[in-house]
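The sequence and structure come first.

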Amino acid sequence: MLPLLRLASDGLEHNMDEAYEILAKQFGLTPEERTELLPSGGQSRYENRVGWARTYLTKAGLLESPARGRFRITQLGVQTLQSGVAEIDNTYLRQFPGFVEFRKKERSEVEGELGGEENSTSTPDEQLEQLHLLLQKQLAQDLLDRVRQCSPAFFERLVVQLLVAMGYGGSVSDAGKAVGRSGDDGIDGIIKQDRLGLDNIYIQAKRWNNTVSSEVVRTFAGSLAVQKANRGVIITTSDFSSSAKETAKTLGNIVLIDGETLARYMIEYNVGVTVAARYEIKRVDRDFFEED
């Protein structure tokens, strides 16, 4: 916030595009840092933070908005810079009644869930993203708990549904024909890699609580060799040992999906979950307010 206030110290009107460019140079940001997106992918993290810096400074009365999409320093902002302030954060701004009132309106249960404090460096958008990730993590744990309580047969069917949802096998009926029939040689199922059935993926499903060892991976690799199969997937509700991961990496034709990844895929491809609510987040369209 302080660099933005200093940018406006000349008393002239500035726009946000100008601020983005000037501050990025001051901070020495790389192109990658400038284009890094929030987890939602809707806006760059850098521009989001500069935007909220302007909002907070304006609410505190240190900046003003003389025209649409523009900002200028106020007399209070000039006095703040003249005081020799070395840093401006939310705690510093609490001395200004306008900012305090704004924060009272802004603060919500979302911030409470995150344990947010007045001096938090996260913007409201970032806090919302953090809460979303927290909810996703809790949902993933709930999913794994439920899956671990299911029967092995149900877990095999779940795996098939997930792979079909991810684009393999064409349909559940086509993909499921081989599942349950190929239990020999440690293979729990076979699914088409593509809708045409040009290649198959061999599956081993382990509804385990214990860590999957490298021996399991090597045994499965042997089963693939017997079947003259090129690719295999081991899916577990637990995790894999470091040696198991290294073995799979060395072999090159076996993909390991642990419980955390399994739950993430289930959420992403809507297997075993349903939408509880939808929220639409809107922001100002800067192009709309551009004047010729």
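Helices (H or I, at least four residues) and strands (E, at least two) are DSSP runs, numbered from the N terminus. Strand β3 spans residues 70-73 and contains F71. The model is predicted: local features need pLDDT of at least 70 and side-chain atom pairs count only at pLDDT 80 or more, while totals for chains, interfaces and linings use all residues. Residues are numbered from 1 along each chain as its sequence is written, and side-chain values use heavy atoms, with hydrogens and water left out.

The protein has 14 helices and 7 strands. Of its 292 residues, 36% count as buried, where buried means under 20% relative accessible area, exposed over 50% and partly exposed in between (1.4 Å probe, protein chains only). F71 is buried, since its relative accessible area is 0%. The C-alpha atoms of F71 and H14 lie 5.4 Å apart, although the two residues are separated by 57 residues in sequence. Contact means heavy atoms within 4.5 Å. Among contacts between residues at least 6 apart in sequence, 58% join residues at least 24 apart.

Helix α9 (residues 124-149) has 26 residues. From first C-alpha to last, α9 reaches 38 Å, close to the 38 Å expected at 1.5 Å a residue; the expected span is 1.5 Å times one less than the number of residues. Buried residues of α9 include P124, D125 and E126, and these three also meet α4.

Two helix pairs are listed below. Axes are lines fitted to C-alpha atoms, for helices over the stretch in contact, and angles run from 0 to 180 degrees between N-to-C directions.

| Helix pair | Axes come within | Crossing angle |
|---|---|---|
| α4 (residues 45-60) and α9 | 9 Å | roughly 125 degrees |
| α10 (residues 152-165) and α14 (residues 259-268) | 10 Å | roughly 55 degrees |

The angle makes α4 oblique to α9. Angles under 35 degrees count as roughly parallel, over 145 as roughly antiparallel, 65 to 115 as roughly perpendicular and the rest as oblique. On the α4 side, R45, N48, R49, W52 and Y56 make the contact with α9. The residues of this contact divide into 3 nonpolar, 1 polar and 4 charged. Ala, Val, Leu, Ile, Met, Phe, Trp, Tyr, Cys and Pro count as nonpolar, Asp, Glu, Lys and Arg as charged, and the others, Gly among them, as polar.

Helices α10 and α14 are likewise oblique to each other. In their contact, F155, L158 and L162 of α10 meet L262, Y265 and M266 of α14. The residues there are 6 nonpolar, no polar and no charged.
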